[in-house]
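Colleague: Can you walk me through this one? I'm new to it.
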Amino acid sequence: MAGIELRSSAFNDGAFIPRRYAKEGEDVSPDLSWSGVPEGTSELLLLCEDPDAPTGTFVHWLVTGIDPSSSGVEAGQTPQGGQARMNGFGESGWGGPLPPPGDEAHRYFFRVYALPEPADLADDASAAQVHSAVDKQQLAGGTLVGLYHR
């Protein structure tokens with residue numbers, strides 16, 4: 001499977017996410033850029049998840065239907081053509097990191113998937129449901145990991 005390069009000017013892979021992007025900060029989504037979207041991509045799907053959440057993997061951002069010709073998204077925006085879905089806070093769109101105080105740093109996996117056809121997902125799909133829907137059909141994917149603790 002081919003890879004998509006996923007980056008952010010807000011933080012490097014494996015580095016801490018600035019407070020501005022956290023729920024306790026300005027709660028704006030970080031900018032992201034991607035490259036290497038393969039031919040035959042019908043849409044991109046963006047997922048940000050926290051597998052370290054005490055209640056199980058927590059969805060912080062889920063956007064489907066992203067234009068495959070796009071190359072990224074500015075901070076605080078929804079990707080071009082994308083439909084923001086419900087996050088784990090019960091809100092549409094981005095919901096920034098908010099791990100329990102005193103926890104070790106949580107990992108936030110930003111993932112972009114190139115899909116040959118639109119994903120069939122409920123508006124409030126869980127991370128497991130997203131993975132089940134896209135893991136077998138994805139043409140390519142990219143991951144960027146950020147850390148956050150309070």
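Modeller: One term to start: buried means under 20% relative accessible area, exposed over 50%, and partly exposed in between (1.4 Å probe, protein chains only). This is a predicted model, where local features need pLDDT of at least 70, side-chain atom pairs count only at pLDDT 80 or more, and totals for chains, interfaces and linings use all residues. Residues are numbered from 1 along each chain as its sequence is written, and side-chain values use heavy atoms, leaving out hydrogens and water.

Colleague: OK. How many salt bridges are there in the whole structure?
Modeller: A search finds 8. A salt bridge is a side-chain nitrogen of Lys or Arg within 4 Å of a carboxyl oxygen of Asp or Glu.

Colleague: Which residue does E91 pair with?
Modeller: K23, with the closest N and O atoms 2.7 Å apart. E91 is in the loop between β8 and β9, and K23 in the loop between β3 (15-16) and β4 (32-35), so the pair ties together parts 68 residues apart in sequence. Strands here are DSSP runs (E, at least two residues), numbered from the N terminus.

Colleague: Is K23 buried or partly exposed?
Modeller: Partly exposed, at 23% relative accessible area. E91 is partly exposed too, at 34%.

Colleague: Switching topic. Where does N87 sit?
Modeller: In the loop between β8 (83-84) and β9 (106-115). N87 is buried, at 7%.

Colleague: What does the N87 side chain reach?
Modeller: The backbone oxygen of G93, at 2.8 Å.

Colleague: And E49?
Modeller: E49 forms a salt bridge with R111, closest N and O atoms 2.6 Å apart. E49 is buried at 4%, and R111 is buried at 18%.

Note on methods
Helix = DSSP H or I, 4+ residues; strand = E, 2+ residues; numbered from the N terminus. Polar contact = N/O pair within 3.5 Å; in protein donor to acceptor, adjacent residues only side chain to side chain.
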